[in-house]
Amino acid sequence: MKAVAVGQAELKLFWRNRTALFNSLLLPLLLAPVLYSVDADGVPLVVGLIGFALLMAVYYNLVTTFVARREELVLKRLRVGELTDPEILAGAALPSVVVALGQMVLYTVVVGVITGVALPTRPWFLLLGVLGGVAVFVLLAAASSAFTRTVEMAQVTSLPVLMACMLGSGLIFPLSVLPEVLASVLEYLPLTPVLELLRAGWVDGPVLKPLIVLAVWIVLGTYAVQRWFRWDPRR
Amino acid sequence: MFALLGTNGAGKTSTVEVVEGLSRPAEGSVRVLGHDPFAERKLVRPRMGVMLQEGGFPPDLTVSEAARMWAGTLTSPRPVDEALSLVDLAHRAAVRVKQLSGGERRRLDLALALLGKPEVLFLDEPTTGLDPESRRNTWELIRALLREGVTVLLTTHYLEEAQALADRLAIMHRGRIVAQGTVSEVVDAYPSRISFVPPEGIALPVVAEVESSGRVTVRTNELQSTLHGLLVWAQHNNVELSGLDARSASLEEAFLAIAEEAA
């Protein structure tokens with residue numbers, strides 16, 4: 001895979017970027033107590049931490065990465081090379097995704113051991129949730145980058161997705177405290193089905209509907225990227 | 001080498017982007033090495049190298065890291081050190097891209113375009129921002145590539161660059177080709193110039209334009225005979241033609257005349 005060469009370069013850049021390191025590696029640790037206060041039980045904590053890794057290490061990091069590479073004219077330069085468009089995006093996304101996956105494994109093992117979480121009974125749902133979640137948030141990051149002029153602006157343009165997912169998908173407070181009508185609407189947010197699938201790895205719960213919602217988000221995200229993604233800085 | 005010249009906003013870069021396969025032509029068709037560069041990108045890209053007018057590299061990578069990244073995306077790259085040596089950047093290999101000067105960045109861009117050992121090379125203003133010495137070195141490098149049989153499509157603002165390097169060229173104005181051919185074919189359509197400062201109050205034997213400084217310019221399609229006539233006349237009448245300057249039309253004059261005509 002030629003895209004790996006881009007991924008390796010991105011990984012070097014990641015280690016040289018303090019903001020990205022902080023957002024990806026330290027922020028989730030600071031948030032652990034918040035999540036712990038929501039639900040001290042092991043499984044929700046693991047699910048919550050994975051959700052945060054998707055939002056911060058994958059989504060937020062990649063919005064800034066895509067914008068930075070576009071404004072530095074790196075994407076434009078790569079586009080006249082041999083790589084295809086999806087390869088360029090995948091290469092640029094690779095380190096963030098790898099770092100996020102590493103965190104997820106680490107959190108799951110650490111929290112799992114401390115709180116005594118049992119091994120997932122249906123690990124394939126867990127896997128589907130993680131892979132689907134990564135796909136959705138990579139695509140959403142690429143789509144959001146199209147509406148972001150500068151790296152600084154990413155803090156603002158990523159807010160709608162971040163806030164909606166944090167508040168609306170049961171990360172900060174459980175959806176069960178909300179009126180039923182509202183809760184059923186929030187099921188259609190991109191992070192909610194991911195979290196439901198993750199939970200389904202351990203406890204029985206709906207899986208068909210989350211799978212469909214997630215698939216629809218992936219299709220929408222792919223369409224949005226094809227339609228709006230910008231390889232050139234705005235003029 | 002084919003050079004594409006044009007006035008600002010003539011559409012050179014847009015044209016080149018279509019040929020490079022970055023955008024689909026609105027009408028007509030483009031073939032590079034026998035293939036459609038947009039639809040058959042996979043077949044064409046490994047055989048071509050591109051240096052964009054504005055290309056970028058992550059500022060926090062070093063020169064050699066940026067080059068190695070690029071090499072990793074290629075089918076059959078030449079050694080990174082060799083590519084950097086070609087453009088005189090080997091000694092800057094460990095320097096971060098953000099610390100390079102504008103000219104050094106242009107040369108890094110050229111090194112990447114050469115990494116894939118291209119058969120066709122696209123150079124969009126390759127020497128903009130280079131100091132005169134680097135520009136000469138780049139010209140030498142391009143000449144060496146041409147001798148090896150590489151085909152080059154050049155766009156440039158420096159007309160002497162096109163004059164020095166190009167086998168054929170075209171001049172674009174507002175999206176259309178207004179002149180094309182070899183350098184001499186394009187230039188020969190324009191008159192040569194003889195200019196000098198005659199003594200005051202003397203009647204000249206030829207039609208001339210007079211500038212406010214007193215310098216006059218004679219335009220002619222037959223430089224040799226007009227100049228001969230003028231010199232014989234001066235000798236005969238004991239007239240001194242100070243600051244005498246006689247020259248064939250240059251690409252620059254042809255270009256300016258075309259831009260003016262078309263405007």
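Predicted model: local features only at pLDDT ≥ 70, side-chain atom pairs only at ≥ 80, totals over all residues.
In β3(B), B:Phe122 is the bridge partner of B:Val50. Residues are numbered from 1 along each chain as its sequence is written, with chains lettered from A and ligands numbered from 1 in the order in which they are written.

**The sheet of chain B**

Helices (H or I, at least four residues) and strands (E, at least two) are DSSP runs, numbered from the N terminus. Two strands pair if DSSP finds at least two bridges between them. Strands β2(B) and β3(B) run parallel and are joined by 4 bridges. On from there, 5 bridges link β3(B) to the parallel strand β4 (residues 151–155) of chain B, and B:Phe122 has B:Leu153 of β4(B) opposite.

These strands belong to an open sheet of 6 strands in chain B, with the order β2-β3-β4-β1-β5-β6 and mixed pairing. Its edges are β2 (48–51) and β6 of chain B, each pairing on one side only. On average, neighbouring strands in this sheet are turned by 15° against each other, direction ignored. Axes here are lines fitted to C-alpha atoms, for helices over the stretch in contact, and angles run from 0 to 180 degrees between N-to-C directions. Helix α5 (residues 102–115) of chain B packs on the sheet, where it touches β2 and β3 of chain B, and its direction makes about 170° with that of β2(B). Contact between two residues requires that their C-beta atoms, placed from the backbone, lie within 7 Å.

Which way do the residues of β2(B) point? B:Met48 and B:Val50 point one way and B:Gly49 and B:Met51 the other way, and all are buried. Side chains in a regular strand alternate between the two faces of the sheet. A residue is buried if 20 or more other C-beta atoms, placed from the backbone, lie within 10 Å of its own, exposed if 12 or fewer, and partly exposed in between.

**Where the chains meet**

The contact between the chains takes 18 residues from chain A and 21 residues from chain B. On the side of chain A, α1 (3–15) and α4 each supply at least two residues. Nonpolar covers Ala, Val, Leu, Ile, Met, Phe, Trp, Tyr, Cys and Pro, charged covers Asp, Glu, Lys and Arg, and the others, Gly among them, count as polar.

Helix α3 (residues 63–72) of chain B is mostly covered, with 7 of its 10 residues buried. Among the buried ones are B:Ala66, B:Ala67 and B:Trp70. Their cover includes α1 of chain A together with α4 (80–86) and α5 of chain B.

The axes of α1(A) and α3(B) come within 7 Å and cross at roughly 155°. The two helices are therefore roughly antiparallel to each other, since angles over 145 degrees count that way, under 35 as roughly parallel, 65 to 115 as roughly perpendicular and the rest as oblique. A:Ala5, A:Val6, A:Gln8, A:Ala9 and A:Lys12 of α1(A) make this contact with B:Glu65, B:Met69 and B:Gly72 of α3(B). By class, the contact has 4 nonpolar, 2 polar and 2 charged residues.

**Two domains in chain B**

An automatic or database domain assignment gives the domain bounds. It divides chain B into domain 1 (2–186) and domain 2 (190–262). Taken over C-alpha atoms, the centres of these domains are 39 Å apart. Their contact takes 11 residues from domain 1 of chain B and 8 residues from domain 2 of chain B. On the domain 1 side, α7 (159–165), β5 (168–173), β6 (176–182) and α8 (183–188) of chain B each supply at least two residues. The largest share of that side, 3 residues, comes from α7(B). That side divides into 8 nonpolar, 3 polar and no charged residues.

A:Leu73, in the loop between α3 (42–71) and α4 (74–79) of chain A, has a positive phi of about 70° although it is not a glycine. B:Glu125, also not a glycine, has a positive phi of about 50° and lies in the loop between β3 (120–124) and α6 (132–148) of chain B. A:Leu127 sits in helix α6 (residues 123–145) of chain A. A:Leu127 and A:Leu197 are 70 residues apart in sequence and 8.6 Å apart in space, C-alpha to C-alpha.

| Residue | C-beta neighbours inside 10 Å | Class |
|---|---|---|
| A:Leu73 | 18 C-beta neighbours | partly exposed |
| B:Glu125 | 19 C-beta neighbours | partly exposed |
| A:Leu127 | 14 C-beta neighbours | partly exposed |
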